[in-house]
Amino acid sequence: MKITDVQACVVGRSEEHSGGSIWTFVRIYTDAGIVGTGECSSAGPFSNGFATKETVLTLKRFLVGQDPMRIGPLYETLRRHSRYSGGHTAPTTFALTGIENALYDIVGKALGVPVYQLLGGQFRDKIRLYADCHAGETNEPQAYAEKALEVVAEGYGAVKFDVDYVSPGKYDTYNWTASAKEMTHIINLIRATREAIGYEIDLAIDCHGHLDLPSAITLAKAVEGLRLMWLEEPVPAENLDMLAEVKRASSTVICTGENQYSRWEFLQMFEKRAVDVIMPDFAKAGGIMEARRICDIADAYYIPVAPHNVSSPLGMMAACHVLATIPNFMVLEFHAREVPWWEDLCEGDKPFVKDGWMAVSNRPGLGVELNDKAARSLLWNGDTYFD
């Protein structure tokens with residue numbers, strides 16, 4: 001079997017509260033008639049959404065004529081070729097992710113097995129989810145509490161809320177220092193949410209790296225008694241030493257990783273004792289096997305894995321195949337509760353999400369296919385669809 005063509009397109013919308021649901025899809029064609037589809041981050045709307053697609057098409061010349069069963073050697077060829085052109089950063093790592101996912105889809109289909117079998121088999125057949133929640137524009141404690149109760153009633157046993165919106169007491173929108181008034185407001189948001197849902201529901205809080213070191217330490221210590229599942233990115237992700245300072249200062253669980261790529265970046269995080277829980281985004285961290293490597297290294301440090309996820313059903317299922325095969329899985333983000341077309345974009349065993357869980361597909365390959373009609377209707381900025 002040989003690869004005959006590699007194509008890519010960008011699908012999605014960003015106008016809803018959906019985290020900017022814009023994805024690059026990669027299709028790899030073979031002379032055996034087997035087609036594999038992979039998903040990866042588009043590198044965001046700020047790059048017009050096409051940076052990853054163009055990188056995929058640039059790498060096509062290394063793939064055509066090759067045997068798609070040789071996933072490892074092909075991946076390493078692409079990675080090494082890109083080492084001196086930002087190969088460990090976006091959008092190259094994103095493109096590698098989409099290509100490699102499509103290759104795994106082909107191999108699984110060719111062998112008649114789901115991808116999780118290629119990774120060693122299942123520890124679990126369904127994946128626990130947490131709902132990333134948005135409480136509207138009021139940014140008040142009561143709105144957070146009401147939204148949390150609404151989501152829990154849908155069957156979720158874990159929820160996450162952001163606290164980095166502009167709040168009362170924010171005197172300077174450029175610095176990351178929280179004034180006393182702002183800090184009090186943030187703490188009130190978290191406390192109201194916890195009191196509403198009680199202590200048998202997991203609650204995570206995301207700061208999106210919008211605090212400086214003293215503010216982050218103040219917040220982490222102030223919420224110790226609220227027993228958070230984690231406090232996410234209390235300081236910017238770039239300086240792991242400072243993240244480690246926050247971790248050492250408090251018993252609050254600290255989580256980061258959505259903006260780290262590849263095993264080498266995560267290894268530095270572990271060596272610096274900077275984190276309690278990691279949240280790699282498998283749609284942009286380097287691919288299915290790279291995700292597995294990251295998880296395995298984390299396991300050696302007894303660190304649980306709770307991936308960041310803003311993917312379509314296809315990319316989310318790719319993550320589920322990995323998470324089914326590792327012992328140290330904790331919980332997976334679900335970001336599309338309020339995206340009405342999310343389920344319609346793909347075909348597979350529906351509903352993809354039910355009662356706060358996602359079942360791992362037993363179909364060959366990834367087990368999820370794009371709905372071509374729906375995907376065509378959602379092409380990003382006039383992009384063209386696969387042939």
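Predicted model: local features only at pLDDT ≥ 70, side-chain atom pairs only at ≥ 80, totals over all residues.
Reader: How are two packed helices described?

Author: Two packed helices are described by the angle between their axes and the distance between those axes. Take helix H2, residues 71–81, and helix H3, residues 92–111: their axes come within 11 Å and cross at roughly 165°. Because angles over 145 degrees count as roughly antiparallel, H2 is roughly antiparallel to H3.

Reader: Is the crossing of H2 and H3 left-handed or right-handed?

Author: H2 passes H3 in a right-handed crossing.

Reader: Which residues of H2 and H3 meet?

Author: From H2 come Ile71, Leu74, Tyr75, Leu78 and Arg79; from H3 come Leu96, Ile99, Glu100, Leu103, Tyr104 and Val107. Sorted by type, the residues of this contact are nine nonpolar, two charged and no polar.

Reader: At what angle do H5 and H6 pack?

Author: The angle between helix H5, residues 141–153, and H6 is about 35°, and their axes are 8 Å apart. The crossing of H5 past H6 is right-handed. On the H5 side the contact is made by Pro141, Tyr144, Ala145, Ala148, Leu149 and Val152. On the H6 side it is made by His185, Asn188, Leu189, Ala192, Thr193, Ala196 and Ile197. The contact of H5 with H6 has 10 nonpolar residues, three polar and no charged.

Reader: Where is Thr193 placed, and why does Thr193 count as buried or exposed?

Author: Thr193 is in helix H6, which covers residues 180–197. Buried means under 20% relative accessible area. Thr193 has a relative accessibility of 1%, so Thr193 counts as buried.

Reader: What does Thr193 touch, not counting residues up to four places away in sequence?

Author: With those sequence neighbours left out, Thr193 touches Tyr144, Ala145, Ala148, Phe161 and Leu203. Tyr144, Ala145 and Ala148 are also among the H5 residues in the contact with H6.

Reader: Which backbone oxygen lies 2.8 Å from a polar atom of the Thr193 side chain?

Author: The backbone oxygen of Leu189 lies at that distance, 2.8 Å, from a polar atom in the side chain of Thr193.

Reader: In which helix is Ala220, and what is its relative accessible area?

Author: Ala220 is in helix H7, residues 213–222. Its relative accessible area is 0%, so Ala220 is buried. Leaving aside residues up to four places away in sequence, Ala220 touches Leu231, Val246, Ser250 and Thr252.

Reader: How many Å separate the C-alpha atoms of Ala220 and Gln268?

Author: Ala220 and Gln268 are 48 residues apart along the chain, and 22 Å separates their C-alpha atoms.

How values were computed. Residues numbered from 1 in each chain as written. Heavy atoms only, no water. Axes fitted to C-alpha atoms, helices over the stretch in contact; angles between N-to-C directions. Helix = DSSP H or I, 4+ residues; strand = E, 2+ residues; numbered from the N terminus. Parallel < 35°, antiparallel > 145°, perpendicular 65-115°, else oblique. Left-handed = near helix turned anticlockwise from the far one by under 90°. Contact = heavy atoms within 4.5 Å. Nonpolar A, V, L, I, M, F, W, Y, C, P; charged D, E, K, R; others polar. Buried < 20%, exposed > 50% of the residue type's maximum accessible area, 1.4 Å probe, protein only. Polar contact = N/O pair within 3.5 Å; in protein donor to acceptor, adjacent residues only side chain to side chain.
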